[in-house]
Amino acid sequence: MSDAQSIVIAIDGPSASGKSTNARIISAKLGYVYVDTGAMYRTLAWHALNQGTNVTDMAAVEALCREWPAKLVKRENSVWLEVDGYFPEQEIRSSEVSKVVSYVAQVPYVRKWMKERQRSCVDFGDLVMEGRDITSNIFPETPHKFYLDASADERQARRDADGIEENLAARDQRDSTRKTAPLVVADGALVINNSGESPQETSARIIALVENRKLG
Ligand code: CDP
């Protein structure tokens, strides 16, 4: 269970659905700690590529994760996984990492490892945590659950505008169909389609809903 003292705003959704942008705005406005769980999976994928691990070999990825000396660190109101004192902030956004991350993320042991650490983030304070299974699996008990979505064309255009070459549909398909903790709309999650909406508008909607629920 989450620390009764901590509020958790949980945000899930497919690639480029606006999770990170909105979660950053919301955490800054409310003074909550921001946790990008995709960055955690990306950091493990980056480590696997560096180590020459075959990312489609689930046993090899599990063995790598079991020996992984990564730890959670809070910097400037965000929580990250550091590897030997280093956070590969730029490297984890590469096309190479994007291509393999959803293989690493389907390994049951990896998800268990991540879940323990993600739940422990309440020790850092009130949270805005975003990913693929936060509403369904990491903090299903929070009343503040959101599922962001946008049209496939708009999401692909957003990623292209970031200058990152990637076929989002293939990764979304793997994330939605994997056996362990797939991307789903969780019970009680509010679906927000933000096609054609600015992050300022979307985040203001979410903050208003959270504040109303806290009052109610
Ligand atoms: O930025 P984008 O939305 O494209 O992806 P991300 O949030 O950085 O997540 C990268 C990948 O990590 C996803 O495609 C999933 O394979 C995996 N992931 C996951 O399985 N569960 C999470 N809670 C977060 C990310």
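The lining of the largest pocket is made up of 16 charged, 14 polar and six nonpolar residues. In this grouping Asp, Glu, Lys and Arg are charged; Ala, Val, Leu, Ile, Met, Phe, Trp, Tyr, Cys and Pro are nonpolar; the others, Gly among them, are polar. The model is predicted, so local features need pLDDT of at least 70 and side-chain atom pairs count only at pLDDT 80 or more, while totals for chains, interfaces and linings use all residues. Residues are numbered from 1 along each chain as its sequence is written, and side-chain values use heavy atoms, with hydrogens and water left out.

A pocket is an open set of points on a 1 Å grid over the protein atoms alone, where a 1.4 Å probe fits and protein lies on both sides within 12 Å along at least five of seven lines; lining residues have an atom within 4 Å of a point. The largest pocket holds about 690 Å³ of space, a volume filled by probe spheres set on the points. Among its 36 lining residues, A16, K19, S20, R93 and R159 lie nearest the centre. Helix α1 (19–30) supplies the largest share of this lining, five residues.

What takes up the space of the largest pocket? The ligand does.

Some polar contacts (N or O atoms within 3.5 Å) can be picked out. The side chain of T37 has an N or O atom 3.0 Å from a ligand nitrogen. For R159, a side-chain N or O atom is 2.9 Å from a ligand oxygen. A polar side-chain atom of R178 also lies 2.9 Å from an oxygen of the ligand.

Notes. A polar contact is a pair of N or O atoms within 3.5 Å; within protein, one must be able to donate a hydrogen and the other to accept it, and residues adjacent in sequence count only if both atoms are side-chain atoms. A molecule sits in a cavity or pocket if more than half of its atoms lie within 2 Å of its grid points. Helices (H or I, at least four residues) and strands (E, at least two) are DSSP runs, numbered from the N terminus.
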